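Here are my notes on the model, as promised. Have it open while you read them.

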Amino acid sequence: MKFYKFSDELLSWWYSNKKKNLSWRLTSNSYKILVSEILLHKTDSKKIEKVYPKFIEKFPTVYDLYRAELKEIDALLKDIGLFYRGRRLKKIAERIVNQFEGNVPDKKEDLMSLYGVGEYISNAVLCFAFKKRVPIVDTNVIRVYERVFNVKSQKSRPRTDKEVWKFAEKMLPEKDYVEYNYALLDFASEICRAKNPLCEICPLKNICKYKKVGLK
């Protein structure tokens, strides 16, 4: 019952508080969503929002990115740092054009064959672009589950823990799972923050172990 309460309260909060102006959430184009996930890696969405529209305008299709010079790509991304992303995007475009006939693959093993694409990005693309019922797990999502349900991983890198992924899959609602995954990300960013979480206004405070017993 607690699981249902969690998803219901989370979705209710999200429908009133979701981030409505993020460009990559206004499209179902798999190429554009894949680009956004690569750019968002280790970077705040507000920073990416300043670059992403310009990037898509310059390279609206995977073929445009495939034909681009690396220096063109890097020039657009210079303001967000982490310069490995230009090379990563270039290699991804090359493989999609050469191995997948210009189509972003909709199977996990194929997505994970792309340069620099791991569990999180592959599942994010499957969920947000192809509307498949798959969980997403990153440091922020893990923090929410750990605080609310006291789910702890014994691994040094919890996001690689298969048990954590199994728990996340169990938490997925049968319907509205795309919205649920977006809600998790926004909730972790806006309410269940790493530092100074907003416990007093949290919609989950009545079921949260972190709030009730002060788990750290």
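1. The protein has 13 helices and zero strands, counting DSSP runs numbered from the N terminus (H or I, at least four residues, for helices; E, at least two, for strands). From the N terminus on, the order is simply α-α-α-α-α-α-α-α-α-α-α-α-α.

2. Keep in mind that this is a predicted model: local features need pLDDT of at least 70, side-chain atom pairs count only at pLDDT 80 or more, and totals for chains, interfaces and linings use all residues. Residues are numbered from 1 along each chain as its sequence is written, and side-chain values use heavy atoms, with hydrogens and water left out.

3. On overall dimensions, the C-alpha trace spans about 55 × 30 × 30 Å along its principal axes.

4. Of the 216 residues, 47% count as buried (under 20% relative accessible area, 1.4 Å probe, protein chains only). Among contacts (heavy atoms within 4.5 Å) with a separation of 6 or more, 62% come from residues 24 or more positions apart.

5. Now a helix pair. The axes of α2 (residues 30-40) and α7 (residues 84-99) come within 10 Å and cross at roughly 155 degrees. That makes α2 roughly antiparallel to α7 (angles over 145 degrees between N-to-C directions). Leu34, Val35, Ile38, Leu39 and Leu40 of α2 meet Arg85, Arg88, Leu89, Ile92 and Ile96 of α7.

Conventions: Axes are lines fitted to C-alpha atoms, for helices over the stretch in contact, and angles run from 0 to 180 degrees between N-to-C directions. Angles under 35 degrees count as roughly parallel, over 145 as roughly antiparallel, 65 to 115 as roughly perpendicular and the rest as oblique. Buried means under 20% relative accessible area, exposed over 50%, partly exposed in between (1.4 Å probe, protein chains only).
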